[in-house]
Amino acid sequence: MKELESPPRHDVIAVLDFGGQYAHLIARRVREARVYCEVFPPGVPAAELGRRGVRGVILSGGPRSVYEPDAPRVDPGLFDLGVPVLGICYGMQLMAAQLGGVVEPARHREYGSAEFEVLEALPPWDGLPRRSTVWMSHGDLVRSAPPGFTVTGRTANTEVAAMADPQRRLYGVQFHPEVVHTVHGRDLLQRFLYDVCGCRGDWTTGSFIDETVAAIRRQVGDGRAVAGLSGGVDSAVAATLVHRAIGDRLTCVFVDHGLLRAGEAEQVLEAVRDLGLKVVHVDARDRFLSRLEGVSDPEAKRKIIGEVFVRVFEEEARRLGPVDFLVQGTVYPDVIESGTGSAAVIKSHHNVGGLPERMHLTLVEPLRLLFKDEVRRVGLELGLPEDLVWRHPFPGPGLAIRVLGPVDAERLEAVRRADAVVVEEIRRAGLYRSLWQCFAVLTDSRSVGVMGDQRTYGWTVAVRAVTSDDGMTADWARLPHDLLERIALRIVNEVPAVNRVVYDITSKPPGTIEWE
Ligand code: XMP
């Protein structure tokens, strides 16, 4: 995991990562409590955390068992740093195992809701109700707490559901305070951050903007920068921040590859121009389309789009004269992901990869430390329109990977129109913001139908709507049937050559969000 220099002056909480998803979610919850935090690999040396002046440490849950021989462990020095440590699930078991307690496989795996009973009202669960609903997911449990610890809470199946050594400020909970199903989970984390660690809640959007603008000025000096606008919120926010810092020494390049959603290009261009950014609009639609002709393999599509994008961008950037910096909208989950090194390549995500080295450009990545919801808050504060800020994520290769099989202008237009119907109806139903993404896919299968007494043989559109925290896992959205019916009716009526609509009820895993 690449180390990040935290912004100065802020309290820092370290989240040690024993299993991607859990750690991400904890980090987000901490940030939501206005406390800055960073995710570290499990084996980070205690001295390193000490050097960084962290105010507290949270050990995340994870899928492993502490008594597997190669199970991840923490530097034992962590418990002597003198800063509070909260172990969650695997984190608590690890704390118990490393400090002399006993961890065993549970007789009954516990998964789902449980009633937690506070036995000793010690921080961070003092002030919480005596009984409350928590969410459990574990195969092992702490049989006996380590010396010096008091058992402070239990559930029906878990005798040691919470433990504390207030002297050393070490705490453990078997349940997951970071998930919404733990009713008082946020309170508990907040108490840990504020009451136990003494954090001040100084991580705010305003402070982030001021500090980032100052940092960009220091980095870029009197140099010149170029930014790619993709249509999405990340690149627009990144460019707007850099513009605040260096004004017209930033030029934005918007490559229209013809694979965007209805009205998207116009909306982004208008928004950033309104904010005073200098934008070059490159119409490369034909170039992309001709290169994609006859290509059906998803990875081949991605590769071609990535390559053509870099070529076009490079040509434009060279036309601008000497440029030293390239602005990218990389966000924190990308940084955490690219650091783990163990994730299999499911899909090769495209960005302006390869450009910085080819053109000897230095990267400026002002959003490297932010989660998506934080990027949105910064965008709103910078004055970007709500519609743009709240727009759902959209893949770099755009609609090309939502047209299964070969891409041509006609099929692109069909998926664009179907997509517009999906989004419009979901917005009208007031559900847009509750979803991570919703869209249409034009499949490559045709079926027989009947319209106005005529036999039809048309394409099938798949509608996809998912909820998710960060796109890593996702659940299909339980949309109301009458809404699905309206969507299906409109697509069949408004999109030529489509005579059937299906709704995708696959979660991720095993599916992915996109179909290609
Ligand atoms: P999957 O389909 O892998 O997608 O479940 C997870 C999230 O990533 C987006 N996505 C992409 N984003 N380039 C991108 O910039 C890509 O090639 C790409 N493929 C998928 C997807 O929309 C979802 O939000």
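**Group meeting: a walk through the model**

Hi everyone, let's start with one side chain's surroundings: setting aside neighbours within four places in sequence, arginine 191 touches Pro124, Asp126, Gly127, Leu128 and Val196. Do keep in mind that this is a predicted model. Arginine 191 belongs to helix H4, which covers residues 185–196. Is this arginine buried or partly exposed? Its relative accessibility is 24%, so arginine 191 counts as partly exposed.

Now, on to a serine. Serine 137 sits in strand S6. With a relative accessibility of 15%, below the 20% cut-off, serine 137 counts as buried. And what does serine 137 contact, once neighbours within four places in sequence are left aside? The partners are Tyr22, Cys89, Glu110, Tyr111 and His176.

Strand S6 comes up again with our next element, helix H3. H3 runs over residues 90–98, and seven of its nine residues are buried, so the helix is largely enclosed by the rest of the structure. If you'd like to find them on the screen, the buried ones are Tyr90, Gly91, Met92, Gln93, Leu94, Met95 and Ala96. What do they pack against? Strands: S3 (56–59), S4 (85–88), S5 (102–118), S6 (131–144), S8 (162–165) and S9 (170–173). After H3 comes glycine 100, with a positive phi near 100 degrees.

H14 spans residues 409–428 and H15 spans residues 481–494; they pack at an angle of about 150 degrees, and their axes are 9 Å apart. That angle is over 145 degrees, and the two helices are therefore roughly antiparallel to each other. Their crossing is right-handed. Who makes the contact? From H14 we have Arg417, Ala418, Val421, Val422, Glu424, Glu425, Ile426 and Arg428, and from H15 we have Leu483, Arg486, Ile487, Arg490, Ile491 and Glu494. Sorted by class, that contact between H14 and H15 has seven nonpolar and seven charged residues, with no polar ones.

Finally, a word on confidence. The average pLDDT for the chain is 91, and 95% of the residues score at least 70. Where does the score fall below 50? Look at residues 340–344; beyond near neighbours in sequence, that stretch has one contact in the model.

Note on methods
Residues numbered from 1 in each chain as written. Predicted model: local features only at pLDDT ≥ 70, side-chain atom pairs only at ≥ 80, totals over all residues. Heavy atoms only, no water. Axes fitted to C-alpha atoms, helices over the stretch in contact; angles between N-to-C directions. Helix = DSSP H or I, 4+ residues; strand = E, 2+ residues; numbered from the N terminus. Parallel < 35°, antiparallel > 145°, perpendicular 65-115°, else oblique. Left-handed = near helix turned anticlockwise from the far one by under 90°. Contact = heavy atoms within 4.5 Å. Nonpolar A, V, L, I, M, F, W, Y, C, P; charged D, E, K, R; others polar. Buried < 20%, exposed > 50% of the residue type's maximum accessible area, 1.4 Å probe, protein only. pLDDT = per-residue confidence, 0-100.
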